[in-house]
Amino acid sequence: MRRCIDCILVVLPFIFVSFMEIPERIYFSAHIPVTSISVKDSIEVSRDTFESGLQDLYDAIDARKYELKYDAFRYALIGYKALRRENRLNDKELISIIDFTRSSCEKRFYTIDLCRKKILFNTYVSHGKNSGGDTSSEFSDECESHRSSIGFYVTGATYTGNNGFSMRLYGYEEGYNANLYNRAVVVHTADYVSEDFIRRHGRLGRSYGCPVLPRHIYKDIIDKIKDGTVIFAYYNDKTYLQNSKYTRIAPDLVASL
């Protein structure tokens, strides 16, 4: 049921495979012949086309209107494709993004419907109390760290616990988020994630590492993204972004799709 993301992201990666199998003389259009193209050149063309598709989708969802950073969106889409390749996601064509580079006073949680090319939710979300004050800069995957984790989360089942209606989270990146379940990092709600709290304290309240959502909307979000969709917790950590297997386009991502 991988039916959408149109040709923008579903079809474009297969261009790479085509390039690997074509004869020495090919045509990029009806008028411009290209001879003796190398494997390296074909990879670069495929990568450029893929990047162009990402930019087109970013524009189509009107991301700038919601102040969604392109880098956060770009990495989220690359990771989404990689996680689908690993069969870790359900058939819903949804991605959620938490932009930890932004202030907690800003609406930095996004859920995007890739099929409809629409941002469904844009709201506040907390970070861990030991990750920072208004902004977050320290992250961990260690138990009792009370810090947020960066990287790609996969949503799990819902349950009712100490924080009421909640949703489990799983991670698969050692050193970054693989302990989400063991740390009981879940999505839930609390009164300290609200505009009233911001007015009184100058920032959102903080959690023990959970991404906490506002009370008036959290159930709608959880019901939409539960049971196998991706949440990308973005931060401009160069080491993570350069080394995660979920943030790289080629050759492993493009060639395997």
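Which residue in β5 is the bridge partner of D113? The legends below, drawn from a predicted model, begin with the sheet and end with this pair and its surroundings.

**View 1. Strand order in the open sheet.** Eight strands form an open sheet with mixed pairing, in the order β5-β4-β3-β10-β6-β7-β8-β9. Its edge strands are β5 and β9 (212–213), each of which pairs on one side only.

**View 2. Burial of strand β3.** Strand β3 spans residues 94–99 and is mostly covered, with six of its six residues buried. In a regular strand, side chains alternate between the two faces of the sheet. Both faces of β3 are covered: L94, S96 and I98 are buried on one side, and I95, I97 and D99 are buried on the other.

**View 3. The neighbours of β3.** Strands of a sheet pair through backbone hydrogen bonds, in either the parallel or the antiparallel sense. The pairing of β3 with β4 (residues 109–113) is antiparallel and comprises five bridges; here I95 has I112 of β4 as its bridge partner. With β10 (residues 230–234), β3 runs parallel, and five bridges join the two strands. In that pairing, F232 of β10 is the bridge partner of I97.

**View 4. Strands β4 and β5.** These two strands run antiparallel and are joined by five bridges. The bridge partner of D113 in β5 is K118. The loop between β4 and β5 (118–123) holds R116.

Key:
Residues numbered from 1 in each chain as written. Predicted model: local features only at pLDDT ≥ 70, side-chain atom pairs only at ≥ 80, totals over all residues. Heavy atoms only, no water. Buried < 20%, exposed > 50% of the residue type's maximum accessible area, 1.4 Å probe, protein only. Helix = DSSP H or I, 4+ residues; strand = E, 2+ residues; numbered from the N terminus. Pairing = 2+ DSSP bridges.
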